[in-house]
Amino acid sequence: MQANTVATLYHRTIVDREEHWARSVLPAVHWENRKAVNVLASGLLAADSVAVWIPDTSVVVESGDVLVKGRIIDEVDPTSFTMMALKNKYPNAVTVTSVDLYDYGSPFMRHLRIGAS
C-alpha cells in the first residue's frame with residue numbers, strides 16, 4: 001500500500017452518558033475520495049464517500065468515529081470546541097461507517113479498510 005497522507009482520528013467513547021473524543025494522528029494512510037450516486041425511487045441522492053486504508057491493525061476504529069485528512073491539533077471538548085465545530089472548520093471531516101480488518105498474509109499486507117461519508 002502506498003500511503004499518500006496523514007490523517008487524524010477522533011475516537012468516540014461514552015462515559016456516564018457523555019461523549020468523549022480521543023484524538024490520535026495516523027502518520028501514514030491511503031485516502032481516496034469517491035464520487036458516487038445512489039438512485040432511489042424518489043430520484044437521485046448523492047453518496048459521496050471516502051475510503052481510507054490504515055497499515056496498522058492495532059488502531060482502534062469504530063463506526064461513529066471521525067476521520068480528518070491531515071494533521072489536526074484541535075481537541076474536541078463539549079464546552080469549548082464541539083464535534084460540530086470541528087466538522088464546520090474542516091470540510092473533509094468524515095464519519096466512519098464501516099471498518100474491515102484484513103489481518104491475513106504477510107505482516108506488510110495487513111491493514112484496516114475504513115469506509116466513511
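**View 1. The largest nonpolar core of this predicted model, 16 residues in all.** A nonpolar core here is a set of buried Ala, Val, Leu, Ile, Met, Phe, Trp, Tyr and Cys residues joined through side-chain atoms within 4.5 Å, where buried means under 20% relative accessible area, exposed over 50% and partly exposed in between (1.4 Å probe, protein chains only). Val-52, Ile-54, Val-61, Leu-67 and Ile-114 have the most contacts inside this core. Two or more residues come from each of strands 1 (5-15), 2 (18-34), 5 (49-54), 7 (94-102) and 8 (111-116); strands are DSSP E runs of at least two residues, numbered from the N terminus. A second, separate core has 11 residues, including Tyr-10 and Phe-81.

**View 2. Zooming in on Ile-114.** Skip the neighbours within four places in sequence, and Ile-114 still touches Val-50, Ala-51, Val-52, Ile-54, Val-61, Leu-67, Val-96, Ser-98 and Val-99 (contact: heavy atoms within 4.5 Å).

**View 3. Leu-67 and its strand partners.** Strand 6 (residues 66-69) pairs antiparallel with strand 1 over 4 bridges, and Leu-67 is the bridge partner of Leu-9. Strands 6 and 7 also run antiparallel, joined by 2 bridges, with Val-94 opposite Leu-67. Pairing takes at least two DSSP bridges between two strands.

**View 4. An edge-to-face pair, Tyr-102 with Tyr-104.** The ring centres sit 6.1 Å apart, with 80 degrees between the planes. Rings of Phe, Tyr and Trp (its six-membered ring) pair with centres within 6.5 Å; planes under 30 degrees apart are stacked, over 60 edge-to-face, the rest tilted. Tyr-102 is partly exposed at 26%, while Tyr-104 is exposed at 55%.

Residues are numbered from 1 along each chain as its sequence is written, and side-chain values use heavy atoms, without hydrogens or water. In this predicted model, local features need pLDDT of at least 70 and side-chain atom pairs count only at pLDDT 80 or more, while totals for chains, interfaces and linings use all residues.
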